[in-house]
Structures are given as C-alpha cells and as structure tokens.
Amino acid sequence: MLVRYLEKIGHSMIAGFENCGRVMMLVWDTYKLLSKPNIKHVLYQMSHLGVDSLPIVMLTILFTGMVMTVQISHEFIKYGAQSSVGGVIAIAMGRELAPVLTGVVAAGRVGAAITAEIGSMKVTEQIDALRVMAINPVAYLVVPRVLACMLMLPVLVIFADVIGTIGGYLVATLHSGIGSFTFIQSIKVFAVINDVIGGLIKSVAFGGIIAMVGCYKGLNAPDGAEGVGKATTGSVVSSIILIFISNYFLSLLLYR
Amino acid sequence: MIKLSNINMNYKGKQILEDINLEIKTGEIMVIIGPSGSGKSTLLRLIVGLLKPTSGEIYIDGQEITQLSETELNQIRLRMGMVFQYSALFDSMTVGDNVAFGLRQHTKMTEDEIAKVVSRKLRMVGLFGKEDTMPNELSGGMKKRVSLARAIAVNPEIVLYDEPTAGLDPIMSGKIDRLITSTRRIMGVTSVVVTHHMSSAFNIADRIAMIYGGKIIELGTVEEFKQSKNPIVQQFIHGEKTPGLLARRRGKTEC
C-alpha cells in the first residue's frame, strides 16, 4: 500500500520534472529564434490575437473601473477623502487591474485559441507535415504568436488603463457626486508615469506566458478531440495561475 | 537508396519494430504491407526522421540520419515528400497555398512562377483549377491528391505514402494507384508505400515487404509474394482465417 503510494508520488514528480524540462526546451528554442521572425506572420497574429481582443478587454475593464469606483467612493466620501478617488483608481488601474485583468482575459481568449489551433494541427498531423516539409514548427507557429502576444498585450493595457479610468470617472461624477475637477486633479496629484510603465512591463511578461503556455499545451495535446479540449482548458488554467504568481513577484520587483 | 539496418523501435515498453533490415533501391516502388498496428507507419516515420529508432541505423543515399539534429535532418527532408494517411492539409489555407507552401518556404521563386508550378502539379493529380478551394470542401480522395501535389511540388527524390488508399472507394483507390506509378514514371522518384490493400500493392509494387508483429516476414517481387508459402502471407493476400495464425496472434497479445 505504502509502496504503491510512494510510486504514485514518484511517477507524478517525474512527470512534473519532464513537463518542466519540455517547457524550458521550448522557451529556449523560441528564444533562439526570436531574432529572426517572419514579419508577415507576426503582423497577422498581432491582428488576430491582439486587435480582435480589444472589445472584450475594454468591456471587462470599463465595468471593473466602474464597480471599483462604486465600492470605494462611498467609503472615501464617508471619511472625507473624495479627493483621492481619482488617484486611487488610476494607480490601481495602471499598476494592477489593467495588466492583470487584460492578462486573464487574454489567457481565456488568446491562450485558448492558440492551444486549440495548434492542438488540432497536432492531432491532424499538420505539425508532422510541417516537419516533413523541413519547416521548424517552433519558428513557424510559436515565435510569431509569442512575439505578437508580447507586443500586443501592452497595447491592450494602454487602452485598458484609459477605459478603466474613464469608467471610474463616469461613476464618480454621475453617481457618487464627486466633481470632475476633483477626480482629474486627484489623478494628477497621486499617479505617476511609472505606475503605467510598471503595468506595461508586467503585460509583456504576461503576453509571453500566455503564448508560451498556449503553444506548449497545443504542441503536446493528447490525440483526439477530447485531448485538444483538455489541453485548451489546461492552457487557460495554467496561464491564469502563472499570471497571478508572476504578478506578485513582478510587483515586488517594480514597485518596492 | 534507403537502407534500414538492424532497426529496433520500442514505445512505452512495447517493441514496435524488431531487427528490421531493408534496402529500397533508387527509383523503386517498395510497398510495405501488414495488419493494423504492425509497425508500418512507424517505419515510414523513422525514414523521414519524425521518430528516432531505439537502435539501428537508417541511411539515405549513404548518409546515416538517426544521429542528425533537426536542422541537419531538414536538409535531408528537403529531398523527401510525404502523403499522410489523413492528408494533413493545412486547413486554414487554400489548396493552392497548400501546394505552394514548400516552394514559398524553401525557394526564391516569384509568385508567378509558384502559381505556374502549383497549376502544373494540380493538373498532374487531376485537380486543375482547384487552387482557391478550401480543404474542407474536398472529398477524401481529392484531399489525398492535393496531399500528393503538395508532396511533389518541390520535386523530391523520395515520396513516402502512408495508407494512400485508406477509406477510399475502389475507383478512387485505382486512381491514386495510377498517380503513384505515374509520379514515379514522370519524376523518377523512389516511393515507399504503406498500405494494407493487397490489390493496390499488387498494382503498383516493384517489391513488397510484409511486416508482422514488428518483423519483416516476407520480402520479394509481386510474383514471389504471390507464391509465398508463408501461411500468414497467404492469409493476408486472401483474407482467409488461418487457425495457426489466429493462435499465434492470440499468443502474442497474451505475451
């Protein structure tokens, strides 16, 4: 009984290390090829993965900014700190909410799409066809997606910063009775450009995580439609977990 | 020439291929037959370097390929084309883009030149004018033919066919068989065809190798094959039950 239990632990540890090794090899292979991307493919992926994600990111962040203002403005007004609401919203958006929520939305939309596409290519032997035609699947499939995600996520975050703050502004002025001048002045006083830059740096890392995890899960998808489905779910879950973990360490690094 | 020397292949603790020795001459059509799961497709994947054998050597025109890196293998693969069992067409691209894919990646040809080659190859497989069709609009047989056009677009020296007639009606199977022989006649390619359709094998083969339980149990010309005294071969040719064969297969499964 104990031996079987230990064997089980051993097997899962070996599988875990194997997975880590494979991920690191894929990251290394991608890194080596990052300097010579196919620009046409990168631009297509930027449009497909980045531009097409804009509506859902804007919708998510708009309502997040609005609901956050509803929650904090009531409390801040109670303690006479209504002049801080704009600054708090802008800093929260720039440092955390915009990059993290954009990352989570992108993990759900972009990460899932990458895994599903590459996974179905794998199970229908299209990846093997690429290799037989002397095309490196990492150069052809992974590199453009990684670059596109790393370049487009910061762009999405800039939009998210603006839209989230506008959402907060609308609720603060129309619902909570905070003056327009007070809200804007508060942003000018409290927020600094580094709040936004830190968020953008985070989003580059999140973009890399989403694309790498998406591609890895797709390239290693088990056979069959069920396998692709499992890989897609796994990709979204892993990306979101990694985004939250890395967000903590990046926040420590950037804002200490 | 393709030469496989003492090839053994294990996968997840199971021996898929055992001590395979096979030479395929330049320009020859070698048909590999055998029951499902006997290791035929694995053999094809070893030749093209998609899998590495557990032991043994594979030579392509004298160059040993099992120890090559992926980049070095790509130089060998440029001389090969492969028709996959389920065609493996890039489903996000049109038929024309599928056929042009290798040319765009590996040559400096202009789009006009590529369009001419694509048109010529599609005409060869009887799909002239289908450049703008998407793969999901094609029948199984048409997909196989596009897959062949894609495989021969870069004028390879070796073409590997993985079950090219599987799932096709007899008329379409005959068409694919004729395409395989005409491709060899026109382009002089060496062909390795994996199938379990005996009629196809007899129609196209210069020589036939039969794999059973991971081993080559018979190798010879079509006539030699038909005259084989091996009961397993005879059963495979005629599709009849042989009590000895069933018992042997059962015994192998139990092992």
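Within what distance do the axes of helix H8 and helix H9 of chain A come, and at what angle do they cross? Before selecting them, know that this is a predicted model, where local features need pLDDT of at least 70, side-chain atom pairs count only at pLDDT 80 or more, and totals for chains, interfaces and linings use all residues. Residues are numbered from 1 along each chain as its sequence is written, with chains lettered from A and ligands numbered from 1 in the order in which they are written.

**Stop 1: two helices in chain A**

Select residues 193–219 (H8) and 224–255 (H9) of chain A: their axes come within 9 Å and cross at roughly 155 degrees. Axes here are lines fitted to C-alpha atoms, for helices over the stretch in contact, with angles from 0 to 180 degrees between N-to-C directions. That crossing makes H8(A) roughly antiparallel to H9(A), a label for angles over 145 degrees. Helices are DSSP runs of H or I with at least four residues, and strands are E runs of at least two, numbered from the N terminus.

Now show side chains. Among the residues making the contact are A:Ile201, A:Phe206 and A:Val213 of H8(A), and A:Ser238, A:Leu242 and A:Tyr255 of H9(A). Contact means C-beta atoms, placed from the backbone, within 7 Å. Color by class and you get 12 nonpolar, nine polar and two charged residues. Ala, Val, Leu, Ile, Met, Phe, Trp, Tyr, Cys and Pro count as nonpolar, Asp, Glu, Lys and Arg as charged, and the others, Gly among them, as polar.

**Stop 2: where the chains touch**

Bring up both chains: the contact takes 15 residues from chain B and 10 from chain A. On the chain B side, H2 (70–77), S6 (80–83) and H3 (95–106) each give two or more residues. H3(B) gives the most, with four.

**Stop 3: strands of chain B**

Look for an open sheet of four strands, in the order S2-S1-S4-S5, with antiparallel pairing. Strands pair if DSSP finds at least two bridges between them. S1 (2–11) and S4 (55–60) are joined by five bridges, and B:Asn8 has B:Ser55 as its bridge partner.

Finish on S3, residues 29–33 of chain B: five of its five residues are buried, so S3(B) is largely enclosed by the rest of the structure. Buried means 20 or more other C-beta atoms, placed from the backbone, within 10 Å of the residue's own. B:Ile29, B:Val31 and B:Ile33 point one way, B:Met30 and B:Ile32 the other. S3(B) pairs in the parallel sense with S8 (190–194) over four bridges, and B:Val31 stands opposite B:Val193. Four bridges also join S3(B) to S9 (207–212), running parallel.

Notes
Two residues are in contact if their C-beta atoms, placed from the backbone, lie within 7 Å. Angles under 35 degrees count as roughly parallel, over 145 as roughly antiparallel, 65 to 115 as roughly perpendicular and the rest as oblique. A residue is buried if 20 or more other C-beta atoms lie within 10 Å of its own, exposed if 12 or fewer, and partly exposed in between; C-beta atoms are placed from the backbone.
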